[in-house]
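User: Let's look at one annotated site. Please show the model.
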Amino acid sequence: MKQLMMIGFGAMGREVASLLPAELALKWLLVSPARVDEVQAELGPSVRVLSDIDECDQAPDLVVECAGQGAVREHGAKVLARGWTLGLISVGALADDELMLSLRAAAQQGGGRILALAGAIAGVDGLAAAREGGLESVLYSGRKSPQSWRGSPAEALIDLDTVTEPTVFFRGTAREAALRFPANANVAATVALAGLGMDNTRVELTVDPASSTNKHSILAQGRFGELSIELSGQPLASNPKTSTLAALSVVRACRHCTDTVLI
Ligand SMILES: NC(=O)C1=CN([C@@H]2O[C@H](COP(=O)(O)OP(=O)(O)OC[C@H]3O[C@@H](n4cnc5c(N)ncnc54)[C@H](OP(=O)(O)O)[C@@H]3O)[C@@H](O)[C@H]2O)C=CC1
Ligand SMILES: O=C([O-])CC(=O)C(=O)O
């Protein structure tokens, strides 16, 4: 049986924990210090609930982060310095150059690797392959309901209570989007990493009062031809900002950890 460490036990972490492959056991769970006792009581002795990587004295087969960009800052370098593989869902953290440098340094020192997970979007495989032949332009668009944008800086850019039609409230680079909307635009950074980079990937973010899904699209052009992906994702009931597919992409990484044929 292989052993998993998971960072974060919110909406996504709980979904992932409920769908783990049978051959992968959740052995360590990292939560914030104030929640250790409560979560330990909930999960029982089969899972060790921790608040610091240093409390783990064995090597997990895989670490998956489902906690947010702050958690990547807090725990990422320690995971990589130990030589472990870190599946990241809060990929937007990598738009912070200083953090990226420190993660690279820790990975080089310890031998760990970062797996940037596709998350709520599809088509990252094709985009990353297309890049090898040269890309000319990449546009990522994210469109969500007012409810999904609540509690984000969108509130300062548009009145989410009175908007009556789909409205673009942000245009900029993937770097700006991922850092300004850390709970909503990680996908912008994922598309950037797969394609033209943080500063050359254009992003549009839209609020759509008629939508109950999280819509993501990629338009890319290059020597390979053209790519157009549209994805309409159901949000998790427990967090409308987060698409179910994002949690499922973490489960996919878990399956890769145990399967022989990787797809
Ligand atoms: N790439 C993609 O497509 C997507 C990426 N995401 C990323 O996934 C993250 C998680 O999403 P979701 O589960 O829905 O969010 P939630 O807010 O429901 O849960 C986040 C959980 O992480 C915990 N947490 C926060 N900081 C830390 C830390 N430093 N160490 C340990 N635990 C921590 C929180 O605990 P507490 O409440 O105690 O702080 C909370 O339980 C998002 O913040 C976003 O960055 C989300 C959707 C799509
Ligand atoms: O789940 C989604 O729809 C996308 C998301 O929040 C993100 O990219 O951070």
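User: Leaving aside neighbours within four places in sequence, which residues is Asn186 in contact with?
Analyst: This is a predicted model, where local features need pLDDT of at least 70, side-chain atom pairs count only at pLDDT 80 or more, and totals for chains, interfaces and linings use all residues. Residues are numbered from 1 along each chain as its sequence is written, and side-chain values use heavy atoms, with hydrogens and water left out. Contact means heavy atoms within 4.5 Å. With neighbours within four places in sequence set aside, Asn186 touches Gln69, Ile89, Ser90, Val91, Gly92, Ala93 and Phe181.

User: What backbone atom does the Asn186 side chain reach?
Analyst: Asn186 lies in helix H9 (residues 186-194). Its side chain comes to 3.4 Å from the backbone nitrogen of Val91.

User: Is Asn186 buried or exposed?
Analyst: Buried means under 20% relative accessible area, exposed over 50%, partly exposed in between (1.4 Å probe, protein chains only). Asn186 has 12%, so it is buried.

User: Which residues does the UniProt annotation "binding site" cover?
Analyst: The entry is unreviewed. UniProt annotations may be inferred rather than shown by experiment. The record's "binding site" covers Ala120 and Asn186.

User: Where is Ala120, and what is its relative accessibility?
Analyst: Ala120 sits in the loop between strand E6 (113-116) and helix H5 (124-131). Ala120 counts as buried, at a relative accessibility of 6%.

Definitions and conventions:
Chains lettered and ligands numbered in written order. Helix = DSSP H or I, 4+ residues; strand = E, 2+ residues; numbered from the N terminus. Polar contact = N/O pair within 3.5 Å; in protein donor to acceptor, adjacent residues only side chain to side chain.
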